[in-house]
Amino acid sequence: MPVEITWWGHATCTVEDSDVRVLTDPLFARRLAHLRRRRGALPPPGAWNADVALVSHLHADHLHVPSLARLAPGTRLLVPRGAPRAVPGLRRLRHLRLSEMEPGDETSVGGVRIRAVPARHDGRRLPVGRRSSPALGYVVEGAARTYFAGDTGLFEDMAEEVGPVDVALLPVGGWGPHLGEGHLDAGRAAEALALLGPRSAVPVHYGTYWPIGMDAVRPHEFHAPGEEFVRLAAERAPGVAVHRLGHGESVRLEEAR
């Protein structure tokens with residue numbers, strides 16, 4: 001059974017594996033605070049359909065309560081441990097089946113197993129959050145093992161902590177002209193690819209949102225990370241097939257080796 005990956009923009013993807021629809025970091029907004037969606041139509045209502053949604057960390061462009069509210073009643077929602085205390089709006093989403101996760105936790109949804117893995121990133125609800133929750137990645141294991149990195153920097157034990165994977169959904173950029181600590185740019189994402197050694201990769205977290213009024217400020221930083229990742233991945237991890245998707249585009253991949 002093939003696995004299908006659809007990129008909706010930013011860190012939002014649908015992973016279809018073993019008849020289970022997994023939605024990552026749902027963000028369905030045209031505008032978020034100082035950010036505006038500059039490329040790609042908003043995901044259609046069909047994108048809201050999922051058996052389980054994964055939230056990697058508490059930043060508002062990854063844990064967006066209004067987007068989560070659109071999920072159908074009964075949808076499983078996996079969030080970092082402590083998220084409901086730090087983000088009170090989560091507690092109003094009573095139509096969702098919420099579970100708190102930390103690195104090493106596992107759960108099953110239909111025919112897939114989902115494991116939370118560490119990420120190197122600020123886990124607070126910024127800009128004023130005091131309570132910290134772990135930033136997470138997730139490995140979805142069904143016909144294939146798909147790693148959704150969320151937001152993360154490189155860390156020494158990444159390959160060991162994540163384990164063997166077939167597909168890697170890696171952030172390669174951001175929503176502004178500068179990336180702070182705890183992020184992957186195209187070069188660091190290519191290094192992560194060499195460490196992880198999957199068969200396939202999809203670059204995400206770039207080319208979607210940009211600060212309002214900054215369209216002319218280093219605009220190449222908005223468009224370039226996907227293409228740069230393709231180029232650098234070919235140099236540093238030549239055995240990995242990289243699929244650079246447009247917004248709303250999908251790729252069907254063979255099941256695990």
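## Terms and model

Buried means under 20% relative accessible area, exposed means over 50%, and partly exposed lies in between (1.4 Å probe, protein chains only). The model here is predicted, with local features needing pLDDT of at least 70 and side-chain atom pairs counting only at pLDDT 80 or more, while totals for chains, interfaces and linings use all residues. Residues are numbered from 1 along each chain as its sequence is written, and side-chain values use heavy atoms, leaving out hydrogens and water.

## Around His 57

Let's start with His 57, which counts as buried because its relative accessibility is 0%. Its side chain makes polar contacts (a pair of N or O atoms within 3.5 Å; within protein, one must be able to donate a hydrogen and the other to accept it, and residues adjacent in sequence count only if both atoms are side-chain atoms). One is with the side chain of Ser 56, at 2.9 Å, and another is with the side chain of His 59, at 3.4 Å.

## Salt bridges

The structure holds eleven salt bridges, each a side-chain nitrogen of Lys or Arg within 4 Å of a carboxyl oxygen of Asp or Glu. Among them, Arg 21 pairs with Glu 16 at 3.4 Å, N to O. Arg 21 counts as partly exposed because its relative accessibility is 23%, and Glu 16 is partly exposed too, at 27%.

Glu 228 bridges to Arg 231, with the closest N and O atoms 2.7 Å apart. Here Glu 228 is partly exposed at 30% relative accessible area, and Arg 231 is partly exposed at 41% relative accessibility. Elsewhere, a network of salt bridges links Arg 81, Glu 102 and Asp 105.
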